[in-house]
Amino acid sequence: MGTMTYETDVINWSKEQARLLRNGQFDALDIEHIADEIEDVGKSEQRELENRMAVLLSHLLKWQHQPERRGSSCQRTIKEQRKAIARRIAKTPSLKSDLQDSDWWEGVWGDALIKAADETGIAFDQLPTACPWSEERVFSDDFFPDDCLEAT
Amino acid sequence: MKSSYESDVVVWAQEQARLLRAGQFSLLDIEHIAEEIEDVGKSEKRELRNRMSLLLAHLLKWQYQPERRGNSWRRTIKEQRKAILDCLDETPSLKPDMQDPQWRERVWADAISAVLKEVELDNLPENCPWFISEILQFEFYPDAARNN
């Protein structure tokens, strides 16, 4: 039995479990926590996609709602996030199924609203409650939303 | 069919977790699992760093943009403090990190660049002006920056 438990200190636990794995001491492993953590590797890949989407959408919102502050920095962030998202999906094709899930979009949009409101000071009720752009436009390199007064 | 770590890590993770729980050790991708388990420790450290720099960035914004103070910043500050205290509680071996001057430098640099990404300020302090005990204290909100 290992001396370090997952609950008392996960950093020391992880060093010990990695050592036991490499030594083939399977009987001594803390299987359930290892399995949980390995599942989490997949989840963290999904979380990363969510985070990048929220950053991308929040910048599209800023672009649309603060035309006076449009600049190369905002434009660069939008481009970078699009590229990073495309790279991640190419590397992990099963992420595509997340993009088909409406609950997923709802969560990501909520995060984008919080970011946009926090960074610009625009009130929540002035921002759309759901993503107004199609997936195709969100990922399209040359899509930058017009001012809110114009049709989107 | 075995999916490889390289071709799709989400599918790989589901499959390896299933094999682990089923006790099929001979089919496991041991080296990648061991690396990922080591990374669990590293990601705890990363989370502490990220939360600390987010907290410091908001304390800086609070101090240097008093006209923009509001509930949203207050909520972020409070939430990060709570999350950091939870991290330290769950993983006591993280505590020495916060005493490390290099760690502090790195976290401070991240906080500064996060602030500068949002707003142009040219009078931000070079080093963190607060004690860890202040930073984590729920009642502490820095006063408006004076021209010192």
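In the predicted model examined here, 37 residues of chain B are in contact with 35 residues of chain A, contact meaning heavy atoms within 4.5 Å. The model is predicted, so that local features need pLDDT of at least 70 and side-chain atom pairs count only at pLDDT 80 or more, whereas totals for chains, interfaces and linings use all residues. Residues are numbered from 1 along each chain as its sequence is written, chains are lettered from A in the order in which they are written, and side-chain values use heavy atoms, with hydrogens and water left out.

The size of an interface is often given as the accessible area lost when the parts come together. Between them, chain B and chain A bury about 3,000 Å², 63% of it on carbon and sulfur atoms; buried area is the accessible area (1.4 Å probe) that two parts lose on being put together, summed over both.

Over all chains, the structure holds 15 salt bridges, each defined as a side-chain nitrogen of Lys or Arg within 4 Å of a carboxyl oxygen of Asp or Glu. Five salt bridges are found across the interface of chain B and chain A. B:Arg21 forms a salt bridge with A:Glu39, with the closest N and O atoms 2.9 Å apart.

On the side of chain B that touches chain A, at least two residues each come from helix H1 (9-21), helix H2 (30-64) and helix H3 (71-90) of chain B. Helices (H or I, at least four residues) are DSSP runs, numbered from the N terminus. H2(B) gives the most to this side, with 14 residues. By class, the side holds 16 nonpolar, eight polar and 13 charged residues; Ala, Val, Leu, Ile, Met, Phe, Trp, Tyr, Cys and Pro count as nonpolar, Asp, Glu, Lys and Arg as charged, and the others, Gly among them, as polar.

Helix H1 (residues 10-22) of chain A packs with H2(B) at an angle of about 170 degrees, their axes being 8 Å apart. H1(A) is therefore roughly antiparallel to H2(B); angles over 145 degrees count as roughly antiparallel, and 65 to 115 as roughly perpendicular. Axes are lines fitted to C-alpha atoms, for helices over the stretch in contact, and angles run from 0 to 180 degrees between N-to-C directions. Residues making the contact include A:Trp13 and A:Leu21 of H1(A) and B:Ile33 and B:Ile37 of H2(B). The contact of H1(A) with H2(B) comprises 10 nonpolar, three polar and six charged residues.

Within chain B, the axes of H1(B) and H2(B) come within 12 Å and cross at roughly 100 degrees, and the two helices are therefore roughly perpendicular to each other. Here B:Trp12, B:Gln16 and B:Leu20 in H1(B) meet B:His32, B:Ile33 and B:Glu36 in H2(B).

Conventions: Parallel < 35°, antiparallel > 145°, perpendicular 65-115°, else oblique.
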